[in-house]
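Please look through the sequence and the structure shown below before reading on. The report that follows takes up the sheet, the helices, the ligands and a few single residues in turn.

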Amino acid sequence: MLLFPYFVREGKNLSCYATSEDYHLFAGQFGAELETFLLGLYPSSEFRFFCDNSPLDERHAATLAGLGVMGDNGLFISHTYGSFVFIGAVLSTLPAQAWGCDSVSSVKGCLHCGECRRACPTGYLRDREQPCLSALTQKKGTLTEQELAYLKKSGSVWGCDACQMACPLNRKEGKIPQTPIDFFHKSRVEHITSAYLDTLDDASFSRRAFAWRGKNTILRNVLYLEEDHKS
Ligand code: B12
Ligand code: SF4
Ligand code: SF4
């Protein structure tokens, strides 16, 4: 299991994870190089890298690997960078003993302090009948009045970080540790407007993490909040 810390700064109206270019671009390139490296060491084995697309629950696997704890906000919280980490995995035909990885850690929980539940803008962490705002901002089509009310309350056009910003395990000496990975410091956008989306050609748009549901989905959210702001 591998972790890619990504926190630089909080986004103004979008989640931190989407402020740089799409992390799948970084992880994909990293994973391809790692597979080649491992194949060089063990030519008769097979290696396959995953990030966000593995058949495993990546949060659970990272906890079993001893890299951190499982948070009540549903996220994996690493010892060093908190929950602002993307999780990667390498699956291999090489026996676990050959990696020195033949035992697993016990799954440990977080502080159970309840800060994430209190901060959750839709109440999803208190009542699973409510939608998670992150999923809601990524939902295609028309949103209901209730869903639009959640959008308005949060002001987010993409993703949600409320349960992570509230979590005390994400702060070391009062600050959220910044990522040392250069990729996440470049090509940043921390406030999305319809004018900004207009400036993106198809190739630039496709390199953003908010592109995967198509332009209409994020544009719907942006236009709704811009209209609401005017009225
Ligand atoms: C589908 C998906 C989503 C969906 C569903 C989220 C979810 N919680 O599963 C949506 C679009 C909502 C989403 C949102 C986000 N995601 Co996402 N997502 C995934 C994906 C692709 C699969 C997850 C999965 O299998 N879910 C299955 C369901 C059943 O899991 P679950 O809903 O958590 O349910 C379990 C627990 O919640 C628990 N449970 C059940 N009832 C209750 C009730 C309470 C009160 C509690 C506390 C728990 C609990 O039991 C359930 C079964 O195990 C993974 C990548 C992967 N392959 O693992 C990334 C992944 C989990 N996502 C990630 C990220 C970064 C996010 C966001 C932070 C992005 C953002 N800022 O908006 C948010 C966080 C939302 C949250 N608090 O969970 C990272 C998480 C990194 C980390 N440190 O943990 C992952 C691992 C991707 C990656 N490779 O880095 N995601
Ligand atoms: S991402 Fe937002 S809406 Fe989803 S569980 Fe966390 S705080 Fe709640
Ligand atoms: S805010 Fe508290 S309860 Fe929620 S994940 Fe962090 S430590 Fe756990």
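Which of the 14 residues around ligand 3 come nearest? In this predicted model, the nearest of them are Gly-71, Cys-110, Cys-113, Cys-116 and Cys-167. Sorted by class, the shell around ligand 3 consists of 8 nonpolar, 4 polar and 2 charged residues.

Ligand 2 has 13 residues around it, of which Cys-120, Cys-132, Leu-133, Cys-160 and Cys-163 are the closest. Here α5 and α7 each supply at least two residues of the shell. By class, the shell around ligand 2 has 10 nonpolar and 3 polar residues, with no charged residues.

Strands of a sheet pair through backbone hydrogen bonds, in either a parallel or an antiparallel way. In this model 3 strands form an open sheet, their order is β1-β5-β2, and the pairing is antiparallel. The edge strands are β1 (2–5) and β2 (47–51), each of which pairs on one side only. On average, and with direction ignored, neighbouring strands of this sheet are turned by 20° against each other.

The pairing can be followed residue by residue. β1 and β5 pair in the antiparallel sense over 4 bridges; within this part of the sheet, Phe-4 has Phe-86 in β5 as its bridge partner, while Leu-3 stands opposite Ile-87 in β5. β2 and β5 also pair in the antiparallel sense, over 5 bridges, and Gly-88 in β5 is the bridge partner of Cys-51.

## Val-85 in strand β5

Is Val-85 buried or exposed? Val-85, which lies in strand β5, counts as buried because it has 23 C-beta neighbours inside 10 Å, and the cut-off for a buried residue is 20 or more. Leaving aside residues up to four places away in sequence, Val-85 touches Leu-3, Phe-4, Pro-5, Tyr-6 and Ser-78. One of these residues, Tyr-6, is 79 residues from Val-85 in sequence, yet the two are 5.8 Å apart in space, C-alpha to C-alpha.

## Two helices that cross

Two packed helices are described by the angle between their axes and by the distance between the axes. Helix α6 (residues 145–154) and helix α10 (residues 215–230) pack at an angle of about 70°, and their axes are 10 Å apart. That angle makes α6 roughly perpendicular to α10, because angles of 65 to 115 degrees are counted in this way.

Where the two helices meet, Leu-148, Leu-151 and Lys-152 in α6 face Asn-221, Tyr-224, Leu-225 and Asp-228 in α10. By class, this contact of α6 with α10 has 4 nonpolar, 1 polar and 2 charged residues.

Val-157 has its place in the loop between α6 and α7 (162–165). Although Val-157 sits in a loop, it is buried, because 29 other C-beta atoms lie within 10 Å. Not counting residues up to four places away in sequence, Val-157 touches Asn-13, Leu-14, Thr-137, Ile-192, Ile-218, Asn-221, Val-222 and Leu-225. Among them, Asn-221 and Leu-225 belong to the part of α10 that meets α6.

Asp-52 is exposed, because 12 other C-beta atoms lie within 10 Å and a residue with 12 or fewer is counted as exposed.

Ser-187, in the loop between α7 and α8 (194–199), is also not a glycine and has a positive phi, of about 45°. With 12 C-beta neighbours inside 10 Å, Ser-187 likewise counts as exposed.

Technical notes:
Residues numbered from 1 in each chain as written. Chains lettered and ligands numbered in written order. Predicted model: local features only at pLDDT ≥ 70, side-chain atom pairs only at ≥ 80, totals over all residues. Near = placed C-beta within 6 Å. Nonpolar A, V, L, I, M, F, W, Y, C, P; charged D, E, K, R; others polar. Contact = placed C-beta atoms within 7 Å. Pairing = 2+ DSSP bridges. Axes fitted to C-alpha atoms, helices over the stretch in contact; angles between N-to-C directions. Parallel < 35°, antiparallel > 145°, perpendicular 65-115°, else oblique.
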